[in-house]
Amino acid sequence: MRVAGFVKLSVVVVGFVLAFYVASQVFEFKMDATLGNMFARSAVSHSHSTKPPKYKCGLSKPCPEKHFAFKMASGAASVVGPKMCLEDNVLMSGVKNNVGRGLNLALVNGKTGELMDTKFYDMWGGDVKPLIEFLKTIQDGTVVLIATFDDGATKLNDEARKLLGELGSTSIATLGFRDNWIFVGGKGIKTKSPFEQHIKNNKDTNKYEGWPEVLEMEGCIPEKSD
C-alpha cells in the first residue's frame, strides 16, 4: 500500500512539473510574440513617420497658397522630349505624345491653372510664321511654359524673339542652334520672369555629342489676381 501510494504521489508530482513546464513555455512564447508584434508595429510606425512627404509634381517643398506648383525639363539631345508638370498634372511629355522638335509651348489659365492649349513648332525644318501667329493670339493673364527639344532657334527671327521676350524672357535674345532653354512667363507680365534657364551648345562643354545637358527647373507660380 505504501509503495502504491508513493507511486501515485510520484505520478502527480511529475504531472504537475510537466504541466508547469508546458505552461511556462507557452506563456513565454506568447510574451515573445506580443513583444515581437509591439516592436514590429513600432518599426512600421517609425518607417511611416520618416518617409519624406510627397509634394505636387515632385517638388522639393510645398508651394504657398495661391501658387501653382510646376516642374519641367528640356529635351535630351534629339532623343528624349521635354516634360512639363503643373499642379501634379503632366501637360506635355513624350508619353503623352504631344511634344516635338523645336519649341514646345503650354498655355495655362493664370487664375485657375487649367491647361488651355499645347503646341510645338519645328525651328529646324519648319516655318517660324505659324509660331508668330500663335504667339499673337495669347491673351493677357495666360501663363506660358516653353521648353526646347533638339533645336529651338535656327528659324527664329527678330519678330518671334520680340514676342517671346514680351512674355518675360531674357535669354531668348541669345538663344542659338541646339541651345537648351526652359522658361515660364506670361502675357502681360510687367517684369522679366524669374523662371528661366539657358545653356549654350558648346562642343567643349556639351554632355551629349552635339547637345548640352538637360535643364530642369521647379518653382511656384503666383495665381493671377484681378
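User: Is Cys-220 buried or partly exposed?

Analyst: Cys-220 counts as partly exposed because its relative accessibility is 22%. On this scale, buried means under 20% relative accessible area, exposed over 50%, and partly exposed in between, with a 1.4 Å probe and protein chains only. The model is a predicted one, in which local features need pLDDT of at least 70 and side-chain atom pairs count only at pLDDT 80 or more, while totals for chains, interfaces and linings use all residues. Residues are numbered from 1 along each chain as its sequence is written, and side-chain values use heavy atoms, with hydrogens and water left out.

User: Which cysteine forms a disulfide with Cys-220?

Analyst: The partner is Cys-63, and the two sulfur atoms are 2.0 Å apart; a disulfide here is a pair of cysteine sulfur atoms within 2.5 Å. The link of Cys-63 and Cys-220 is left-handed, with -85° about the S-S bond. Cys-63 sits in the loop between helix 1 and strand 1, whereas Cys-220 belongs to strand 9 (residues 216–222), so the bond ties together parts that are 157 residues apart in sequence. Helices (H or I, at least four residues) and strands (E, at least two) are DSSP runs, numbered from the N terminus. Cys-63 also counts as partly exposed, at 22% relative accessibility.

User: How many disulfides are there by this rule?

Analyst: The count comes to 2 disulfides. Cys-57 and Cys-85 form a disulfide with their sulfur atoms 2.1 Å apart, and this link is left-handed too, at -85° about the S-S bond. Distant parts of the chain are joined by this pair: Cys-57 is in the loop between helix 1 (2–50) and strand 1 (67–73), and Cys-85, 28 residues away, is in strand 2 (residues 83–86). Cys-57 counts as buried because its relative accessibility is 12%, and Cys-85 is buried with a relative accessible area of 9%.

User: What is the pairing, numbering the bonded cysteines in sequence order?

Analyst: The pairing is 1-3, 2-4.

User: Changing topic, which residues have the most contacts inside the largest nonpolar core?

Analyst: They are Leu-103, Leu-105, Leu-131, Leu-135, Ile-146, Leu-156 and Leu-164, in a core of 23 residues. At least two residues of this core come from each of strand 4 (102–109), helix 2 (129–137), strand 6 (142–149), helix 3 (158–165) and strand 7 (180–186). Helix 2 gives the most, with 4 residues. Another core lies apart from it, with 19 residues, among them Phe-70, Leu-86, Ile-182 and Ile-221. A nonpolar core is a set of buried Ala, Val, Leu, Ile, Met, Phe, Trp, Tyr and Cys residues joined through side-chain atoms within 4.5 Å.

User: Which strands do the bridges join to strand 6, and how do they run?

Analyst: Strand 4 is joined to strand 6 by 8 bridges, and the two run antiparallel. Leu-103 stands opposite Thr-148 of strand 6. Strand 7 also runs antiparallel to strand 6, with 5 bridges, and Leu-145 stands opposite Val-184 in strand 7. Two strands pair if DSSP finds at least two bridges between them.

User: What do the buried residues of helix 3 pack against?

Analyst: They pack against strand 4, helix 2 and strand 6, contact meaning heavy atoms within 4.5 Å. The buried residues in helix 3 include Ala-160, Leu-163 and Leu-164.

User: Last topic: how many aromatic pairs does the structure hold?

Analyst: There are 4 aromatic pairs. The rings of Phe-70 and Phe-195 have centres 5.2 Å apart and planes at 80°, so this pair is edge-to-face. Phe-70 in strand 1 and Phe-195 in strand 8 (residues 195–199) are 125 residues apart. For Trp-181 and Phe-183, the ring centres are 5.6 Å apart and the planes are at 15°, so the pair is stacked. Rings of Phe, Tyr and Trp (its six-membered ring) pair if their centres lie within 6.5 Å; planes under 30 degrees apart count as stacked, over 60 as edge-to-face and the rest as tilted.
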